[in-house]
Amino acid sequence: MHDPPRFRSTNSASDFWGDGRAARPLVQGSVARGMLKTDSGFWTGKVGDKEVTEFPEPVTKQMLARGKDRYQIYCSPCHGLTGYGDGMIVSRGLKNPPSYHTEALRDATVGHLFNVITAGYGSMASYASRIPVKDRWAIVAYVRALQQSQNVKLANLSSDEATKVRESENTAKPAAAHKEAGH
């Protein structure tokens, strides 16, 4: 009893069961606990063959905080803290990754960003085995926040905020013109 026989795989032979197998066959249609993946948009970033355009869960302050934390661990070494593709690897002589602030990536679907993290792209490896699905969505949410922080549309601001931006642009222009004139 202290050292019972062990079988290394479900295909090992045993004389215990009548069919000679060491383990019972799986019941058809059974799913391991916690592994039923009915929401393909959440698990794959796609519905059918189309990338999702909306987050599968509400984006919350907690989700953004988790995304920032995971981004700083997994993404910032290459993409930099602000997402411009100027992370530590560039100073080590490796190729610049793309900036998240290009029009193409600002226009990319959230499903596309999720899939790049999941499957990799170009010289970027897959992070599917290192970053859980929920954390990948949190990173995508944080990347969207980074993109918005660097490309706010004036029309999306309140009137007070828009006035402040216009005032700061007006004060910056004379200083730039003064500098260009060689003063």
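Predicted model: local features only at pLDDT ≥ 70, side-chain atom pairs only at ≥ 80, totals over all residues.
Local features were taken only at pLDDT of at least 70 and side-chain atom pairs only at pLDDT 80 or more, whereas totals for chains, interfaces and linings use all residues. Residues are numbered from 1 along the chain as its sequence is written, and side-chain values rest on heavy atoms, with hydrogens and water left out.

The chain contains 8 helices and 2 strands, where helices (H or I, at least four residues) and strands (E, at least two) are DSSP runs numbered from the N terminus. In order from the N terminus, the elements follow the pattern α-β-β-α-α-α-α-α-α-α. Of the 183 residues, 27% are buried; buried denotes under 20% relative accessible area, exposed over 50%, and partly exposed the range in between (1.4 Å probe, protein chains only). Contacts are defined by heavy atoms within 4.5 Å. Among those between residues at least 6 apart in sequence, 46% join residues at least 24 apart.

Pockets were located on a 1 Å grid over the protein atoms alone, as open sets of points where a 1.4 Å probe fits, with protein on both sides within 12 Å along at least five of seven lines; lining residues have an atom within 4 Å of a point. Grid points are joined across faces, edges and corners, and a volume is the space filled by probe spheres set on the points. Helices α3 (76-79), α6 (110-119) and α7 (133-150) each supply at least two lining residues, and the largest share, 4 residues, comes from α6. By class, this lining has 20 nonpolar, 5 polar and 1 charged residues, with Ala, Val, Leu, Ile, Met, Phe, Trp, Tyr, Cys and Pro counted as nonpolar, Asp, Glu, Lys and Arg as charged, and the others, Gly among them, as polar.

The second largest pocket has a volume of about 190 Å³. Its lining consists of R106, D107, R144, Q147, Q148, N151, V152, K153 and N156. Two or more of these residues come from each of α5 (103-107) and α7, and α7 gives the most, with 3 residues. This lining divides into 1 nonpolar, 4 polar and 4 charged residues.

A search of the whole structure identified 3 salt bridges, each requiring a side-chain nitrogen of Lys or Arg within 4 Å of a carboxyl oxygen of Asp or Glu. K134 pairs with E57 at 3.1 Å, N to O. K134 belongs to helix α7 and E57 to the loop between β2 (50-51) and α2 (61-74), so this pair ties together parts 77 residues apart in sequence. E57 is partly exposed, at 26% relative accessible area. In the bridge between R66 and D135, the closest N and O atoms are 2.8 Å apart. Since R66 lies in helix α2 and D135 in helix α7, the pair ties together parts 69 residues apart in sequence. R66 is partly exposed, with a relative accessible area of 36%, whereas D135 is buried, at 9%. R70 and D69 form a further salt bridge, with the closest N and O atoms 2.6 Å apart. Here R70 is buried, at 15% relative accessible area, while D69 is partly exposed, at 32%.
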